[in-house]
Amino acid sequence: MAVNLVNVENVSKVYGTRALLDGISLGVSEGDRIGVVGRNGDGKTTLIRMLAKLEDADTGRVTHSGGLRMGVLTQHDSLDPAATVRHEVIRDLADHEWAGNAKIRDVLTGLFGGLDLPGFPQGLDTVIGPLSGGERRRIALAKLLIDEQDLIVLDEPTNHLDVEGISWLARHLRERRSALVCVTHDRWFLDQVCTRMWDVQRGDVHEYEGGYSDYVFARAERERIAATEETKRQNLVRKELAWLRRGAPARTSKPRFRVEAANELIADVPPPRDSSELMKFASSRLGRTVFDLEDVTVQAGQKVLLQHITWHLGPGDRIGLVGVNGAGKTSLLRALADAARSEGETQPVAGRIAVGKTVKLAYLSQEVGELDPNLRVLEAVQQVRERVDLGKGREMTAGQLCETFGFNKDKQWTPVGDLSGGERRRLQILRLLMDEPNVLFLDEPTNDLDIETLTQLEDLLDGWPGSMIVISHDRFFVERTTDRVFALLGDAALRMLPRGIDEYIERRQRMEEAAAASAPAAAQKAAPEKSAADQRAAKKELQKIERQLDKVSDKEAKLHAQIADHATDFGKVAGLDAQLRELASEREELEMRWLELAEDA
C-alpha cells in the first residue's frame, strides 16, 4: 500500500472577497504524478504553495508525513546572486566526485546542453546575479533535480525550456521514483508525465485519472452527464476531444473511460478545420505569392544563422518552426517582417525575399507591447476596430472577441495597467486579430496563457483563413494549429520534417550522439590506444588517488576545527591557514591527475 505523503484537509483560502479555494480535501501518496490545471487566477499556484507549506491556509490544515524530503520549484527562485552556478548546483563536490555521478551529468546535459554549460560566459563559475530570469530558473531546477526527494512540487517547470529541454525533463521525471505535483499549461508534458489531474475551478478541485488527454475525455463526459449550461465552453471541450480522439500526434495515453461515450460525444463534431476550404479562401485574400525566399542569408551581427535558403510560404500555409536556441527562428521572422514593411521586395544580407502585394502581416513578438495603462481593455481593442471578420461568414464585435479571450463584461472595463502578464498577452493577441491580418507570425504565443485560453485561441485559429508561422516550445499548440513543421538544426539550413516534432527530437539526438562519438575518436587519433595493462595500472592509481583525497579532506576538517579553537590567537591561525593552502594545492594536483587517469581507465 502506498504511503501517504501529504494530506490537505478542508482547506480554504480567501483573497479580498473572493474564495480561491473553498473546503478542499486532497492527498498525495508515494508514486503519485499529479498535474494541476485551471484558469489563471483560479488558485493553482496558491494550492501547491499551501501543499508545500509555503503559504498558510485560512482554515483547515495541511500535514506532511514524518521526515518528508520535498523539493519545490516556485515562480521566483531563492538563489544567491553573489554565488556561482557551481556553488548553488554542485555545492562543495570536487570535480572528480560530480563528474563521476551519472545523475549530475544527465541533469547538466539535459538542462544546459553540456557539462561545460555552453551559453554561460564562465560555465559553472558564472556568477548568478547578472543572469536572465530564464537562466536563473534553469539553475534552480537543476539544483532541485540533483537532490533526492520523496515529493517534487513544480510550478511551470517548462517555462524557458526549449522543445528538447522539455522532452528531456519529461523523460527524467518519468524515471524518478519521487512523487510529483506539477502546475503547467504544457499539455504534451502533462500527457507524458502525469497519471492524475487536479482541475482547479471556482474554489473547488476536481480529480481525474490519467494524463491530459484522458482528462479532456473524462471532463467532456462529466459535463455531458451534468448537462452543463455553459454551452460555449462545452463545445470547446468537445472540439478538443474530437481532435484528440481522431489520433492527433500529441495524444500519448489511452482513454480510461468508456470509448463508446467518447465516440457518441464527437459523432456530430466536424474536424477542427477544413484545410481545403481555408486554402481557397486564403488564396482569394492573398493571391499566389505570400513570401518567396531565394538563396537568402540571415545574420545576427557577424554570426551567420541561415545560408542559401530557398523557401516558399504560400496562401493558407500553416507552418510550425522549431529549432535549437540561437539557430535563427526569431531572426527569420524578423527578416520576413522587415521585407513586408518595405512594401514589395527587399534584399537581406544575401539573396532575395519577394513579398505578395496583398500581404497584411500581424507579428506577435515575445515582448509584450506597451499600451496606455489608463486605457480600459475594451477601449484598447476598439482602438484597432469595432468589428472583425473571422472568415467563413463569422463576424465578431470587439466585446464578443474580448469574451472569447476570457475578458468578461466586468473585466473589459479594467485598466490595462491593472492586468497580469498573462492577461496582457491575451490582449496583445486579441488586438492583432482585430486588425484582420491575412498573415500571422506568432513567436511563443503560449507564454503566460492558461490551458483554457490556449484552447480558445486554438479554436479561433482553426477557422482563421490566412498564412501562419508559429514558433513555440509548446508541442501540443504547434501540432494543434499547424499542418507542417520546419526545423533549424543549428547548421544554417531550413528543413521540412514530415513526421513533425518527433522527427526533430530524433534528429537532434542523432546529432548529439554523433558529436559525442567523434570527440573520443579525435582523442584516439591524437594519442596511442592504451593497452589492457595500462588501463589496469590507471585504475589502480585512481583508487590510490581517491584514498589520498579522502585523507586530504580529513586533514582539512581537522585544521578547520583547530582554527575555530584558536580564533583569538592570530599567530596560530596564520600558521594553520598556511597549512590549509598547502592542502588545497595538493587537492588540486590530485584532482587534475584523477581526471587524466579517468580517460585512460
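1. Glutamate 55 sits in a loop, the one that runs between α1 (44–51) and β4 (59–64). The model is predicted.

2. Is glutamate 55 buried or exposed? It counts as buried, because its relative accessibility is 17% and the cut-off for buried is under 20%.

3. Which side chains does glutamate 55 meet through polar contacts? One is tyrosine 15, with a side-chain contact of 2.4 Å. Another is arginine 49, where the side-chain contact is 3.1 Å.

4. Now the surface charges. A patch of positive charge is formed on the surface by Lys544, Arg547, Lys551, Lys555 and Lys558. One of these, lysine 551, belongs to helix α19, which covers residues 532–565. Lysine 551 has 55% relative accessibility, so it counts as exposed; the exposed class starts over 50%.

5. There is also a patch of negative charge on the surface. Its members are Glu97, Glu546, Asp550 and Asp554. Which element gives the most to this negative patch? Helix α19 does, with three residues.

6. Aspartate 554 is a member of the negative patch and lies in helix α19. Its relative accessible area is 47%, so aspartate 554 is classed as partly exposed. That class lies between the buried limit of 20% and the exposed limit of 50%.

7. To recap, helix α19 holds lysine 551 and aspartate 554. Lysine 551 is part of the positive patch, and aspartate 554 is part of the negative one. Glutamate 55 is buried and has polar contacts with tyrosine 15 and arginine 49.

Methods
Residues are numbered from 1 along each chain as its sequence is written. This is a predicted model: local features need pLDDT of at least 70, side-chain atom pairs count only at pLDDT 80 or more; totals for chains, interfaces and linings use all residues. Side-chain values use heavy atoms; hydrogens and water are left out. Patches are made of residues with over 30% relative accessible area and no salt bridge: like charges are joined within 9 Å, nonpolar side chains (Val, Leu, Ile, Met, Phe, Trp, Tyr) within 5 Å. Accessible areas come from the Shrake-Rupley method with a 1.4 Å probe; for residues, only the protein chains shown count as cover. A salt bridge is a side-chain nitrogen of Lys or Arg within 4 Å of a carboxyl oxygen of Asp or Glu. Lys and Arg count as positive and Asp and Glu as negative; His and the chain ends are not counted. The place of a charge is taken as NZ of Lys, CZ of Arg, CG of Asp or CD of Glu. Helices (H or I, at least four residues) and strands (E, at least two) are DSSP runs, numbered from the N terminus. Buried means under 20% relative accessible area, exposed over 50%, partly exposed in between (1.4 Å probe, protein chains only). A polar contact is a pair of N or O atoms within 3.5 Å; within protein, one must be able to donate a hydrogen and the other to accept it, and residues adjacent in sequence count only if both atoms are side-chain atoms.
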